[in-house]
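Subject: Structure handover and findings

Hello,

Please find the structure below, followed by notes on what turned up in it. Have a look at it before reading on.

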Amino acid sequence: MVVSRLADPMARFRRLMAARIGELLVETGGATQAGVDEALAGQKAAGGRLGSRLVGLGLARDADVAAALSRQFGVPFIELGRFDVDPAVIALLPAATARKYETVPLSRTGPALVVAMSDPANVFAVDDIEFMIGCRLEPVVATQAAVAAALERHYGEGPDRGAPDLGESRLALAAKALEEVPGIAGGLEVVEETEEVDVTAAETQSGETPVVRLVNAVLASAIQKGASDVHFEPYEKQYRIRFRIDGVLYEVMEPPPKYRDTITSRLKVMAKLDIAERRLPQDGRIKLRLSADGAAREIDFRVSCLPTLHGEKIVLRLLDRGKLMLDMTRLGLEPESLKRLEEAIRRPWGLVLVTGPTGSGKTSTLYSAISRLNTPAANIMTAEDPVEFNLAGVNQVQTRESTGLSFAVALRSFLRQDPNVILVGEIRDLETAEIAIKAALTGHLVLSTLHTNDAAGTIHRLVNMGIEPFLVAGAVSLVCAQRLVRRICTGCAEDEPTAPPVLEAIGFGADEAARVAPRRGAGCERCSGRGYRGRIGLYEVMTVTERFGEMVRAGASTAELRSRAVEGGMVTLRASGLRKIAAGLTSIEEVLKET
């Protein structure tokens with residue numbers, strides 16, 4: 001009884017759909033009424049689709065039937081033979097499923113997969129495929145013959161399927177070389193919002209391609225080597241992949257240029273970007289789970305896609321929570337600087353600013369401060385663009401200028417959420433600065449960042465933005481300027497004889513220059529011959545005291561403010577670097593480069 005109740009409505013639905021498609025064909029001249037009646041009679045006796053029967057009897061053209069279906073269901077009609085389908089998209093749908101439902105995947109647009117179907121009324125096919133691959137389908141209509149030809153072309157065993165291809169062989173060899181990275185075992189998984197997909201297993205089932213293996217191997221290698229960024233760069237006659245390790249870019253490999261678009265599409269599919277959009281920048285995110293050394297950890301890649309002259313350049317920023325430094329004592333702060341920073345964040349109100357160029361570790365410093373304050377008694381609110389790491393117990397908001405959720409809008413809302421601590425990702429404009437100052441003056445601890453060269457220059461940066469000097473002096477409690485320098489590899493560190501006059505020229509006193517023994521990295525297997533492994537921070541922490549505030553209100557210059565801060569015990573960026581040279585942590589070249 002249950003089956004009959006379900007079957008009868010579906011049968012009526014199909015008869016209604018068939019009648020409607022017949023009417024459309026008659027209206028458009030694609031078939032005659034007599035031909036439609038004949039096909040309907042045959043369909044009633046033997047079943048099947050009306051459009052297929054009309055085409056089979058020679059009573060209608062395949063293209064006319066597809067056009068009528070497009071009009072009936074309000075979905076686009078495409079000439080499938082002219083559509084260049086990315087192999088990475090084809091790999092999303094197993095061959096058996098594609099043939100069963102006569103469906104060809106075309107492109108991935110955000111969370112949806114665009115597919116070509118000859119029968120968009122087949123709701124069972126749509127439901128089954130959506131359940132199987134875990135994403136929404138957006139059907140388009142193509143002729144039955146075109147779908148059959150596309151299935152044979154992409155999933156069938158054609159005569160050229162096994163033909164050797166020099167570029168593919170090079171790609172496979174490159175992927176294999178990258179896969180042979182020590183410390184990586186188990187596999188790489190793409191973690192979707194609602195499910196987990198084992199990349200290796202999925203691709204093996206649907207015909208793994210060298211491009212898929214290459215992309216997976218590149219990402220796994222970037223994680224293992226400790227890269228902070230991965231660059232995929234197209235040029236006129238070259239396509240290269242580079243890693244940024246410890247702040248320096250290194251070329252990893254050059255895949256054949258013919259695979260440029262395929263690699264780009266694969267990355268965009270993983271990041272849920274529109275692979276058909278090649279004219280505008282796009283941003284996305286890839287979350288991976290890597291099994292390494294017997295343990296699994298999740299890593300996020302922030303994806304930025306930018307159209308260039310010879311194709312789309314993609315940069316992936318690696319966000320590894322396992323390497324996030326949340327212990328303030330391990331950041332590299334000098335003892336007196338660490339004490340000042342801890343005192344400032346323990347105050348119930350005030351504005352604490354962390355300054356420095358992009359990639360100088362400002363986020364790590366702020367997250368370390370937040371972690372120190374993160375207790376059940378504190379309500380911590382953050383506005384970030386983007387939210388790089390999820391912190392348990394912290395209310396984090398992702399700002400989006402496109403939807404109107406700017407830093408200023410988020411800040412206003414925070415003030416109505418009973419906050420104790422507010423973190424603003426960056427003070428970019430006067431409006432955000434004014435609200436942050438107001439919050440700091442009304443009993444809230446506010447932490448934020450600015451792009452300035454040093455701590456003293458931050459004061460005039462705020463004044464130049466339009467904040468009154470007396471408000472800056474009253475609200476700002478501390479400014480921390482910082483840089484990152486490469487740390488000498490402990491496996492190959494050796495003394496670097498340097499004449500005392502040279503050491504005096506870079507800032508050491510005469511007595512210190514006679515005692516200091518700078519070191520350098522000779523290069524070893526552990527650091528891949530670079531001589532450096534990891535990075536450490538240089539810090540300049542300036543406290544805004546009462547006397548310092550009087551100088552700000554009086555309009556003192558940046559040089560005067562810097563001199564006053566040094567008199568008050570501030571360790572400058574150069575002095576911080578000299579201490580780390582003396583401790584054998586970094587080299588003279590690194591400190592001179594960053595200070």
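Strand S7, residues 239–245, is mostly covered, with six of its seven residues buried. The model is a predicted one, and the notes below should be read as such.

S7 has strand partners on record here in S6 and S8. Strand S6 (residues 229–234) pairs with S7 in the antiparallel sense, over six bridges. A hairpin of four residues joins S6 to S7, and Pro234 has Tyr239 in S7 as its bridge partner. Strand S8 (residues 248–253) also runs antiparallel to S7, and five bridges join the two. Within that pair, Ile241 stands opposite Met253 in S8. The hairpin of S7 and S8 has two residues between the strands, and Asp246 in this hairpin takes a positive phi near 55°.

Three strands form an open sheet in the order S1-S2-S3, and the pairing is mixed. Strand S1 (103–109) and strand S3 (136–141) are the edge strands, each pairing on one side only. On average, neighbouring strands of this sheet are turned by 30° against each other, direction ignored. The pairing of S1 with strand S2 (residues 112–117) is antiparallel and covers six bridges; Pro105 stands opposite Val115 in S2. Helix H8, residues 144–155, packs on the sheet and touches S1 and S2. The direction of H8 makes about 75° with that of S1.

Which residues line the largest cavity? They are Leu341, Ile345, Val352, Val354, Thr365, Leu366, Ala369 and Leu447. By class, the lining has seven nonpolar residues, one polar residue and no charged ones. Helix H13 (335–346), strand S12 (350–355) and helix H14 (362–373) each supply at least two residues of this lining. H14 gives the largest share, three residues.

Regards

Note on methods. Residues numbered from 1 in each chain as written. Predicted model: local features only at pLDDT ≥ 70, side-chain atom pairs only at ≥ 80, totals over all residues. Heavy atoms only, no water. 1 Å grid on protein atoms, 1.4 Å probe; cavity = no way out; pocket = protein on both sides within 12 Å on 5 of 7 lines; lining within 4 Å. Nonpolar A, V, L, I, M, F, W, Y, C, P; charged D, E, K, R; others polar. Pairing = 2+ DSSP bridges. Axes fitted to C-alpha atoms, helices over the stretch in contact; angles between N-to-C directions. Contact = heavy atoms within 4.5 Å. Buried < 20%, exposed > 50% of the residue type's maximum accessible area, 1.4 Å probe, protein only.
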